[in-house]
Amino acid sequence: MKSKTAFKTIEDFLYQENKTIVIPNYQRGYKWAIKESENLASAVEKLLDHLLDANKDQPYFLQGLTVVEKENEIILIDGQQRTTTLYLLLWVLNKELINSINLKYEIREQSKEFIELLKKDSFDYNLYDIENKHQDIFYFKEAISQIRSKIGILKKKENGIDNFIDFVLKKVTILYIVIDQDKATKTFTMMNGSKATMLQEELVKAEMFRRISLPDVMKREMTTSVNDSLYNLKEIIAKDWEINALRSQYAREWDKWLYWWNQDEVIDFFSIEKPLGLLLDFYLWKEKDKPKNTKLSDFNFDEFKNLLTGNREINKGKTKKVFKHLRDIQKLFEDLFNTPQIYNYLGIALIDAKEDKFKMITYYMANKSNHVKLQDYAKYRILGCSAELIERSEKDGSIKEIQERAMNFATTLKLKFLYNNFNDSAFKYLMYLNVKEDINLNRKFDFTIWKNKSLEHIFPKSKVYHTNELGIICDGNENEIEEWKKSTLNDGSWIKREDFKNEYSEHCIGNLVLLYGRDNSAFGAKTVYEKKRTYFDVKEKFDSRHLIHTMSVFAENTCGLAEIEQNTNKIFEQFNIDYNLSNNGK
């Protein structure tokens with residue numbers, strides 16, 4: 001069973017019936033109210049600024065939360081600062097809003113008590129821990145003060161507070177990631193040895209954040225000077241602020257990556273199952289000494305951890321460098337996906353890529369500005385060429401083996417009875433013809449069709465008859481014999497197979513088009529003209545209407561012997577151009 005992800009509103013997250021949200025005791029204390037300097041806003045203030053400025057009529061994404069669900073507990077692995085801030089915000093907006101929220105702080109007993117006491121009407125938080133002995137309590141109070149300062153503007157607007165509450169609860173959204181304990185791969189131990197089960201991706205995040213949070217060794221010599229002691233204290237505080245700022249920056253970026261990889265179209269295009277997609281696996285594959293021997297399933301947290309270490313057990317510089325590399329790779333993935341031409345060529349290349357997947361992605365990243373290379377690569381992948389063959393041919397300048405494959409592929413496509421014998425070849429080239437049309441329009445092709453594809457006969461195969469020693473029959477549909485007997489053979493609704501030339505039949509490439517499988521049933525045993533009406537009837541939902549090459553074939557006025565022959569020849573003329581073959585090589 002895999003981890004589960006879902007988008008939840010803040011209301012759905014915080015008000016889960018009979019559930020307690022637990023902030024485990026290995027988490028760091030609450031620090032979002034810390035200001036790096038008087039002139040810079042805290043994380044609390046930044047969050048409030050964003051929420052106050054947001055379009056209240058649109059959903060607002062507040063990054064992701066990672067949890068372990070255990071019986072009646074929701075254990076926060078990542079997201080405790082946001083969750084606590086939201087709790088304090090709701091309390092400031094309306095004390096009653098937190099009455100139904102069960103937030104349990106395990107970090108410190110005083111923190112737990114303070115959070116619970118906020119629910120009591122008689123509680124004066126200013127009188128709790130007056131001497132500021134407890135760090136969490138101090139920053140809880142700071143957060144409350146900052147929130148009150150920010151939302152003061154809402155009180156000047158009619159229904160300002162109520163409208164803002166409604167926005168926060170119903171429009172602000174998080175990506176809610178549930179880690180399945182049965183399939184968790186590691187027990188992550190921190191501070192006091194308490195444990196939480198995590199996915200490998202979450203382990204990487206936690207380990208990177210742990211490393212960048214470790215204090216630097218102070219090289220300044222100890223001194224008895226009061227001034228020097230104060231200087232060291234200020235330096236330590238400044239370092240703490242720097243660490244918190246860096247963690248916040250990394251967390252925001254990480255959550256953006258997570259959000260991007262969890263889009264349905266990204267999941268479908270890259271065929272991914274992990275919350276963070278291919279990012280970590282691809283990076284580890286690139287960094288290993290012999291990536292060609294590394295299978296895609298070889299991702300391992302311990303190996304990734306070694307990349308963070310460098311020559312020392314604690315190496316913040318190395319961790320920052322790794323994070324930068326991840327950021328650069330993520331940008332490359334987004335560039336490939338967001339540029340229609342590259343997206344389309346890569347989509348073709350990735351069909352049945354299997355173990356070559358990362359090699360192909362690497363090639364497209366390296367050559368993203370050279371669309372001729374990307375097009376050639378995609379064309380060769382249609383033939384079934386491996387990444388190694390394509391790159392070797394490019395390196396030594398010889399495409400003899402590729403051209404031999406092209407000629408063999410053409411021979412297969414030219415088979416009289418291609419349908420049901422070599423469907424995969426027909427699928428690939430017909431899809432390529434449709435993708436090329438989208439490339440010309442600078443439009444992204446929908447590659448989900450590959451998992452739900454179908455071949456359709458333009459002229460119905462059930463309307464092709466032939467004779468044998470038993471008499472005249474309808475090929476493939478004996479129920480239509482009586483209909484055939486009543487018809488006029490020359491009315492164009494029937495074809496005698498013997499009338500085809502030797503290299504053509506109703507099952508050849510010239511009588512086939514690509515469809516989404518879900519549209520196939522709409523045609524049934526309809527005539528050519530009924531199929532055309534169905535295809536172009538805009539009143540009906542029909543995904544295959546977006547397939548431009550398919551549309552161009554259906555747009556022909558008629559379809560019979562001559563049209564099937566002409567369409568076949570047209571396809572092979574294009575094939576010869578695509579693969580630089582002579583006409584007799586078809």
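Buried means under 20% relative accessible area, exposed over 50%, and partly exposed in between, using a 1.4 Å probe and protein chains only. This is a predicted model, in which local features need pLDDT of at least 70 and side-chain atom pairs count only at pLDDT 80 or more, while totals for chains, interfaces and linings use all residues. Residues are numbered from 1 along each chain as its sequence is written, and side-chain values use heavy atoms, with hydrogens and water left out.

View 1. Helices (H or I, at least four residues) and strands (E, at least two) are DSSP runs, numbered from the N terminus. Of the 586 residues in the chain, 49% are buried. Take the contacts (heavy atoms within 4.5 Å) with a separation of 6 or more: residues 24 or more positions apart account for 69% of them.

**View 2. Strand 3 (residues 60-70) is largely enclosed by the rest of the structure, because 8 of its 11 residues are buried.** Two strands pair if DSSP finds at least two bridges between them. Strand 3 pairs with strand 6 (residues 172-179) in the parallel sense, over 7 bridges. Here Gly64 stands opposite Leu175 in strand 6. With strand 4 (residues 73-78), strand 3 pairs in the antiparallel sense, over 5 bridges. Thr66 stands opposite Asp78 in strand 4. The hairpin of strand 3 and strand 4 has 2 residues between the strands, and Glu71 takes a positive phi near 55°.

**View 3. Helix 12 (residues 316-338) crosses helix 14 (residues 357-366) at roughly 85°.** Their axes come within 10 Å. Axes are lines fitted to C-alpha atoms, for helices over the stretch in contact, and angles run from 0 to 180 degrees between N-to-C directions. Helix 12 is therefore roughly perpendicular to helix 14. Angles of 65 to 115 degrees count as roughly perpendicular, under 35 as roughly parallel, over 145 as roughly antiparallel, and the rest as oblique. From helix 12, Ile329, Leu332, Phe333 and Leu336 meet Ile361, Tyr364 and Met365 of helix 14. By class, this contact has 7 nonpolar, no polar and no charged residues. Ala, Val, Leu, Ile, Met, Phe, Trp, Tyr, Cys and Pro count as nonpolar; Asp, Glu, Lys and Arg as charged; the others, Gly among them, as polar.

**View 4. Cys385 and Cys508 are both buried.** Cys385 counts as buried because its relative accessibility is 0%. Cys508 has a relative accessible area of 1%, so Cys508 is buried. A disulfide is a pair of cysteine sulfur atoms within 2.5 Å. By this rule the count is 0 disulfides. Cys508 is in no disulfide: the nearest cysteine sulfur, that of Cys559, is 9.6 Å away.
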